[in-house]
Amino acid sequence: MRKIGNQRCANKDTQLLGLPLLPANPQATTADAALHGVNYASAAAGILDNTGQNFVGRIPFNQQIKNFEKTLDLLTPKLGAGKLASSLARSIVYVGMGSNDYLMPNYNTRNEYNGDQYSTLLVQQYAKQLNVRALSKSRSASYSS
């Protein structure tokens, strides 16, 4: 988690854009609470699921993606598929991930890969995680106009 002064980069960017801070995912359990955005961030998380595993309460990036999908499930009945798709198209999504994979020990992965192999592993995994088609594939029928 990168900080500027005592603030996370995403929080600073939010202030610069004049936007309100978003509720953390556990606080956004209803469509009304999630309607204007949700913060899925988790300190110590990384691209790999085992990054930061020694930190209690850490939410791996793959789980953060699943939490985002759950939020979409909450919002679909409230807004309808068309309006939700339109809202998502106008949304700002900030993803800052990867530094913890290098800064924290990843247990077995450090012994399994050299530096170049490890970088390639991270890039390939991150590309899969950020692939919009993969994320929206299960939702394409719901959001098509």
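# A tour from the aromatic pairs outward

A search of the whole structure finds three aromatic pairs, where rings of Phe, Tyr and Trp (its six-membered ring) pair if their centres lie within 6.5 Å, with planes under 30 degrees apart counted as stacked, over 60 as edge-to-face and the rest as tilted. This is a predicted model, in which local features need pLDDT of at least 70 and side-chain atom pairs count only at pLDDT 80 or more, while totals for chains, interfaces and linings use all residues. Residues are numbered from 1 along each chain as its sequence is written, and side-chain values use heavy atoms, with hydrogens and water left out.

**Stop 1: Tyr-40 and Phe-68**

Select Tyr-40 and Phe-68, which form an edge-to-face aromatic pair, 6.1 Å centre to centre with 85° between the planes. Tyr-40 sits in the loop between α2 (31-34) and α3 (61-79) and Phe-68 in helix α3, so the pair ties together parts that are 28 residues apart in sequence. Helices here are DSSP runs (H or I, at least four residues), as are strands (E, at least two), numbered from the N terminus. Tyr-40 is buried at a relative accessible area of 16%, whereas Phe-68 is partly exposed at 24%. The classes are buried under 20% relative accessible area, exposed over 50% and partly exposed in between (1.4 Å probe, protein chains only).

**Stop 2: Tyr-102 and Tyr-118**

Next, select Tyr-102 and Tyr-118. Their ring centres are 5.7 Å apart and their planes stand at 90°, so this pair is edge-to-face. The pair links distant parts of the chain, with Tyr-102 in helix α5 (residues 99-103) and Tyr-118 in helix α7 (residues 115-130), 16 residues apart. Tyr-102 has 46% relative accessibility and counts as partly exposed; Tyr-118 is buried, with a relative accessible area of 8%.

**Stop 3: Asn-67**

Return to helix α3 and select Asn-67. Is Asn-67 buried or exposed? At 10% relative accessibility, Asn-67 counts as buried. Leaving aside residues up to four places away in sequence, Asn-67 touches Asn-25, Tyr-40 and Ile-59, a contact meaning heavy atoms within 4.5 Å. Tyr-40 is the ring that pairs with Phe-68.

**Stop 4: Lys-78 and Asp-32**

Stay on helix α3 and select Lys-78 together with Asp-32 in helix α2; the two tie together parts that are 46 residues apart in sequence. Lys-78 forms a salt bridge with Asp-32, and the closest N and O atoms are 2.7 Å apart. The rule asks for a side-chain nitrogen of Lys or Arg within 4 Å of a carboxyl oxygen of Asp or Glu. How many salt bridges does this rule give? The count comes to one. Lys-78 counts as partly exposed at 44% relative accessibility, and Asp-32 as exposed at 52%.

**Stop 5: Ala-85**

Ala-85 is found in helix α4 (residues 81-89) and counts as partly exposed, at 23% relative accessibility. For a distance check, select Leu-72 as well: the C-alpha atoms of Ala-85 and Leu-72 are separated by 9.8 Å, and the two residues are 13 apart along the chain.

**Stop 6**

Leu-19 lies in the loop between α1 (9-16) and α2 and is partly exposed, with a relative accessible area of 42%.

**Stop 7: the whole chain**

Now show the whole chain, which has nine helices and two strands in the order β-β-α-α-α-α-α-α-α-α-α along the sequence. Of its 145 residues, 27% count as buried. Among contacts between residues at least 6 apart in sequence, 55% join residues at least 24 apart. The accessible surface comes to about 9600 Å², with 55% belonging to carbon and sulfur atoms; areas come from the Shrake-Rupley method with a 1.4 Å probe, and for residues only the protein chains shown count as cover.

**Stop 8: confidence**

Finally, colour by pLDDT, the predictor's confidence in each residue, from 0 to 100. The chain mean is 78, and 81% of the residues reach 70 or more. Over residues 1-7 pLDDT stays under 50, and the model has 12 contacts beyond four places in sequence for them. Residues 140-145 also stay under 50, with six such contacts. Where pLDDT is low, the predicted coordinates should not be read in detail.
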